[in-house]
Structures are given as structure tokens and as C-alpha cells.
Amino acid sequence: QVQLVESGGGLVQTGGSLRLSCAASRTIIGPNRMGWYRQAPGKQRELVAIITPGGITNYADSVKGRFTISREGAKTTVYLQMNSLKPEDTAVYYCRCVKDSGWSQYDYWGHGTQVTVSS
């Protein structure tokens with residue numbers, strides 16, 4: 001069973017930065033999309049950013065211009081650089097890796113990493 005392991009969360013002041021990382025426990029056959037989602041207390045999980053196998057990115061409006069998603073070439077490793085953090089960015093951040101076409105489809109999630117932004 002593949003595991004996605006997130007790291008890099010923590011406590012930061014408003015305006016600060018954090019870099020989240022997510023790596024798979026073993027090689028996963030692609031192509032796949034990778035993304036970051038977040039869930040704040042009492043709210044539904046929402047998309048933060050995704051990146052396609054070809055490197056095309058998409059962001060939630062609330063993080064555009066502040067967050068940057070990237071991935072390491074052929075590796076199932078994805079990063080989320082978060083700048084100018086705001087208290088409303090406080091949430092548990094989850095990594096996702098999905099292949100929903102062709103053979104051997106899958107949808108993996110990490111266990112999440114806490115990001116807390118203090119005002």
C-alpha cells in the first residue's frame with residue numbers, strides 16, 4: 001500500500017512562510033495529478049492547488065499569488081511554498097496523488113500536516 005507522507009507544517013506568524021513537502025513511500029506509476037487540499041475546523045475540505053503531469057497548475061482564488069505548487073520531475077514528490085500567510089490559512093493540509101484514467105487507477109491521500117497562522 002502506498003503512503004503519502006507530508007511534512008513542513010507548523011506554527012507561523014501572519015505574513016510568514018512555510019514550505020510543505022509530500023513524498024510517496026514508493027514509486028508510483030504515472031501519469032498522475034498531485035495536489036494539496038486543506039480542511040479548517042468546522043469546514044469542508046477544499047482544494048488549494050493542483051499540478052498536472054505536464055506541470056500545469058491551478059490554484060484556489062484565496063491563495064493565488066501567495067502559494068506555489070511544484071513537483072520533482074518523475075518523482076511522486078510535491079511541494080507547496082506558502083508565503084504571506086494569513087490566519088485564515090490555518091488548517092490541516094493534505095497531499096493527494098490521483099490517476100483516474102487508463103490502467104491501474106488510484107487515489108491516494110496523506111494523513112495531513114497542521115498549519116497554524118497566528119495573528
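Reader: Does arginine 38 count as buried or exposed?

Author: The general idea is a scale of relative accessible area: under 20% is buried, over 50% is exposed, and what falls in between is partly exposed (1.4 Å probe, protein chains only). Arginine 38 has 6% relative accessibility, so it counts as buried. The model is predicted, so local features need pLDDT of at least 70 and side-chain atom pairs count only at pLDDT 80 or more, whereas totals for chains, interfaces and linings use all residues. Residues are numbered from 1 along each chain as its sequence is written, and side-chain values use heavy atoms, with hydrogens and water left out.

Reader: Which residue does the side chain of arginine 38 meet in a salt bridge?

Author: A salt bridge is a side-chain nitrogen of Lys or Arg within 4 Å of a carboxyl oxygen of Asp or Glu. Arginine 38 meets aspartate 89, at 3.0 Å from N to O. This pair links distant parts of the chain, 51 residues apart: arginine 38 is in strand β4 (residues 33-39), and aspartate 89 is in the loop between β8 (77-82) and β9 (91-99). Helices (H or I, at least four residues) and strands (E, at least two) are DSSP runs, numbered from the N terminus. Aspartate 89 is buried, at a relative accessible area of 1%.

Reader: How many salt bridges does the structure hold?

Author: There are 6 salt bridges. Among them is that of lysine 64 with aspartate 61, whose closest N and O atoms are 3.1 Å apart. Here lysine 64 is partly exposed at 48%, and aspartate 61 is exposed at 66%. Another joins aspartate 107 to arginine 96, with 2.7 Å between the closest N and O atoms. Those two residues lie 11 residues apart, aspartate 107 in strand β10 (residues 106-109) and arginine 96 in strand β9. Aspartate 107 is partly exposed at 39%, whereas arginine 96 is buried at 19%. Through shared partners, salt bridges also join Arg38, Glu46, Arg66 and Asp89 into one network.

Reader: What describes a pair of aromatic rings?

Author: The distance of the centres and the angle of the planes describe it. Rings of Phe, Tyr and Trp (its six-membered ring) pair if their centres lie within 6.5 Å; planes under 30 degrees apart count as stacked, over 60 as edge-to-face and the rest as tilted. By this rule there are 2 aromatic pairs. Tyrosine 106 and tyrosine 108 have ring centres 5.0 Å apart and planes at 15°, so they are stacked. Tyrosine 106 is buried at 11%, and tyrosine 108 is buried at 17%.
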